[in-house]
Amino acid sequence: MSVHPRAGRPAEAADLIDVPQVISRYYTEHPDPSQAGQRVAFGTSGHRGSSLRSAFNEDHIAATSQAIVEYRREQGTTGPLFLGRDTHALSEPAMITALEVFAANDVTTLIDSRDGYTPTPALSHAILTYNRTSPVKADGVVVTPSHNPPDDGGFKYNPPNGGPADTDATKWIQDRANELIAGGLKDVRRISAARARQSATVSGYDFLAAYVDDLPSVIDVDAIRKAGVRIGADPLGGASVAYWGEIADRHGLDLTVVNPAVDPRFGFMTLDWDGKIRMDCSSPYAMASLIEQKDRFQIATGNDADADRHGIVTPDGGLMNPNHYLAVAIDYLFRTRTGWPAGAGIGKTLVSSSMIDRVAAQLGRRLDEVPVGFKWFVPGLIDASIGFGGEESAGASFLRRDGSVWSTDKDGLLLDLLAAEIIATTGKTPSEHYRSLTGQFGEPAYARIDAPATREQKAILGRLSPEQVTAKELAGEPITGVLTSAPGNGAAIGGLKVVTASGWFAARPSGTEDVYKIYAESFQGPDHLARIQDEARGVVSAALGG
């Protein structure tokens, strides 16, 4: 990975988007259905793209909204649809388009009563809260491209389970939306924004109060307050901006909102590793300005634009690697949450650190290893068969203190507050706790690199079988496992994972570039990790050649 010379430096005028241009292109550009890059394409977190590249515009959102109307009708979802947005420039225009379509189709739609921004976890919480007592089920849409650059837009559907939609749903919605676009949108029902806002089917919902008031059911806020933990929270200009101030006020916490500014250009950001503005709270480059302030607080936290990811900064450790914090959170929660079911397991993605495996074994808890994507944790969080679900990209959620479901989508605010609780109840930072874990289990070296691959090779990689791997050793150790499906649920991983006693690698095709991603880890240190990475390329090349 080549790091840009200005990575971690403040953005300059030339780095900023032209907001009027980005918004005008949303309305004036029309997608060409024959171009793959201009079609609606739902990834693990909805449809994303830039209006400047005809990948996210009014046609896309009108068609996708109509497809969601038809999908929820087919599924018998007749309750309200919760609709929220983040702070990206394209989020409000896309939300208005969606509201025009939902109102025209007589879908009861609940929007923020404060006309504010809605974090993804607050939307998930709202859906689950409604569905807990109602015979008719609600679902929702959050308009966000998450941590993506400022010129991007995003549109994500959450079904009645409150979590990210599964592949069956997203493929149905995606295909129907593209069909509607190809048909000239003639089957899209829509009314004006003014009529939609006055429609009897559109009303307000206080996402912020519902979420913030319920936090004591999942976090020990009393302990945080009594210990006087000094917290610095940086929303990175995202949807959590009003939430952090309200959390401080309602729960009496010593919490400073480090940067309360909202700017659709995100001009206050430092540049990410590739020189782009990206609100990635797990990146030391994007978080550089908060890291500089680490000594002001006992814990400093960041969130991406829709607040489904967390970033943890400690005075003694700086920005924590997401894998490290997941291991600490799991170890702490399963030792302190006495109200959780005795059989509740731990959910992790296949490319998360094996430190989690070792923590789970010591705790005597079942480990459910699943493919990449938070959707795989949703059933377990709902029925409390898993207490915690987390992925290597700084996304996680866990159960309420009584063992019932809190959210089924990633919750960055929750994991940030947990770090403050850990300090309050143990007197040690999460970084100190991680050093304790490495003292017990060893210190792993973990990295992700990219390797070139053609589209044909990526397709082959996505459907490999274990028999196609002929290697017997990896970096001097016998191979103990070759996985193309996840041991936690048997689902295809869309790639390959090779395991030894002290290391592993996983290879997955990129969905957007002609590369495949190699995730690797070694408990023997950086030199052994480098050997694993080098040999991983050979193992994959041999399998692709076969």
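Trainee: What makes β13 and β15 a pair?

Mentor: This is a predicted model. Two strands pair if DSSP finds at least two bridges between them. Strand β13 (residues 345-349) and β15 have four bridges, in the parallel sense, so they count as a pair. G347 has G389 in β15 as its bridge partner.

Trainee: Why are β15 and β16 said to pair?

Mentor: At least two bridges are needed. β15 and strand β16 (residues 395-398) have four, in the antiparallel sense, so they pair. One of the bridges joins G390 to A396 in β16. Three residues lie between the strands of this hairpin, where A394 takes a positive phi near 70°.

Trainee: What makes β14 and β16 edge strands?

Mentor: The open sheet runs β14-β13-β15-β16, with mixed pairing. β14 (367-370) and β16 each pair on one side only. The twist averages 15° from one strand to the next.

Trainee: How do you know that helix α12 packs on the sheet?

Mentor: Contact means heavy atoms within 4.5 Å. Helix α12 (residues 355-363) touches β13 and β14. Its direction makes about 170° with that of β13. Helix α14 (residues 412-426) touches β15 and β16, and makes about 75° with β16 in direction.

Trainee: Which residues touch the most other members of the largest nonpolar core?

Mentor: F388, F398 and L418, out of 73 residues. The contacts of F398 include W340, F388 and L418.

Key
Residues numbered from 1 in each chain as written. Predicted model: local features only at pLDDT ≥ 70, side-chain atom pairs only at ≥ 80, totals over all residues. Heavy atoms only, no water. Helix = DSSP H or I, 4+ residues; strand = E, 2+ residues; numbered from the N terminus. Core = buried A, V, L, I, M, F, W, Y, C linked by side-chain atoms within 4.5 Å. Buried < 20%, exposed > 50% of the residue type's maximum accessible area, 1.4 Å probe, protein only. Axes fitted to C-alpha atoms, helices over the stretch in contact; angles between N-to-C directions. Lists of a residue's contacts leave out its neighbours within four places in sequence.
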